[in-house]
Amino acid sequence: MKERIILLGPPASGKGTQASRMSKAFGIPHVSTGALLRSEASLGTELGREADRWTRGGSLVPDGLVIRVVGDWIAANGPRFLFDGFPRTVGQAKSLDELLRDVSAPLDLVILLELDPVEIRGRIMDRLTCRGCGETYGGSLHGLENGGSCPTCGGKLARRSDDTEDVLAERLRAYCESTLPVVAHYESTNPGILHRVDAAQGSDAIYSVLSALVDWEMQKAE
Ligand code: AMP
């Protein structure tokens, strides 16, 4: 079974939803650098305050800060992970290559969720995030409202402060400029490791493709 996995994709391509579902099914820790940075910011740590200066405007947090967070996470938890939203630059990808080389734990799988900008915008403008458990929902799809209760944990649903038109434009620019080159990095350094998946499909259809990539034997047995 694959246990060092990266999920790449633009905002709202379903990385978080799929990572959380796969993490429950396969027991691999789900690591969202966005969530780790938001948690540092809400704790008011120096790192969190610094990161918040960048995330608020939709810009990428500098590589050094992100690598520190990820390096600490791997040191504390070991090299089994489902990264959601990391690496987002070629510099981060190279640092991760080095971190994994140091612990002799090569990457197993990179998945790219592809979605067009019109669909991305529609999903972001409709997205509600639970302040309690972090689960996300399409508001109109699930009949939920800003300020309502999370169907999973009962926490309060809210729009993320960076889920706005202006900030989305900057996030998409950063994705095209900095994150798409990460795809070329893996295709050239690790041929065959990257798989492209159409993220416009329904969540269940995407999940069955992804889980077969993670563990083909397990899927055949079900
Ligand atoms: P996300 O929750 O993945 O949408 O990330 C929210 C924000 O956190 C992004 O817009 C960035 O500002 C920041 N962020 C998350 N992960 C990274 C990363 N790997 N590199 C740089 N910035 C990041």
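Predicted model: local features only at pLDDT ≥ 70, side-chain atom pairs only at ≥ 80, totals over all residues.

Author: **Helix packing, ligand and loops**

Helix α2 (residues 33-43) packs against helix α4 (residues 63-77) at an angle of about 100°, and their axes are 11 Å apart. Angles of 65 to 115 degrees count as roughly perpendicular, so α2 is roughly perpendicular to α4. On the α2 side, the contact is made by Thr 33, Leu 36 and Leu 37. On the α4 side, Val 66, Val 69, Val 70 and Trp 73 take part. By class, the contact of α2 with α4 has six nonpolar residues, one polar and no charged.

Now to α8. Helix α5 (residues 90-102) packs with α8 at about 40°. The axes of α5 and α8 are 8 Å apart. The two helices are therefore oblique to each other. From α5 come Val 90, Ala 93, Lys 94, Leu 96 and Asp 97. They meet Ser 178, Pro 181, Val 182, His 185 and Tyr 186 in α8. The contact of α5 with α8 divides into six nonpolar, two polar and two charged residues.

Helix α8 (residues 165-189) also pairs with helix α6 (residues 117-126). Here the axes come within 11 Å and cross at roughly 135°. So α6 and α8 are oblique to each other as well. Their crossing is right-handed. In α6, the residues in contact are Ile 120, Arg 121, Ile 124 and Met 125. Their partners in α8 are Glu 165, Leu 168, Arg 171 and Leu 172. The class count for α6 with α8 is five nonpolar, no polar and three charged.

Next, the ligand. An N or O atom in the Thr 33 side chain is 2.8 Å from a nitrogen atom of the ligand. Gln 92 also places a polar side-chain atom by a ligand nitrogen, at 2.9 Å. Ser 59 uses its backbone: a polar atom there is 2.7 Å from an oxygen atom of the ligand.

Most residues other than glycine have a negative phi, and most peptide bonds are trans. Phe 86 and Pro 87 are joined by a cis peptide bond, with omega about -5°. Pro 87 sits in the loop between β3 (81-84) and α5. Ala 12 has a positive phi, near 65°, and is not a glycine. Its place is the loop between β1 (4-8) and α1 (15-26).

Conventions:
Residues numbered from 1 in each chain as written. Heavy atoms only, no water. Axes fitted to C-alpha atoms, helices over the stretch in contact; angles between N-to-C directions. Helix = DSSP H or I, 4+ residues; strand = E, 2+ residues; numbered from the N terminus. Parallel < 35°, antiparallel > 145°, perpendicular 65-115°, else oblique. Left-handed = near helix turned anticlockwise from the far one by under 90°. Contact = heavy atoms within 4.5 Å. Nonpolar A, V, L, I, M, F, W, Y, C, P; charged D, E, K, R; others polar. Polar contact = N/O pair within 3.5 Å; in protein donor to acceptor, adjacent residues only side chain to side chain.
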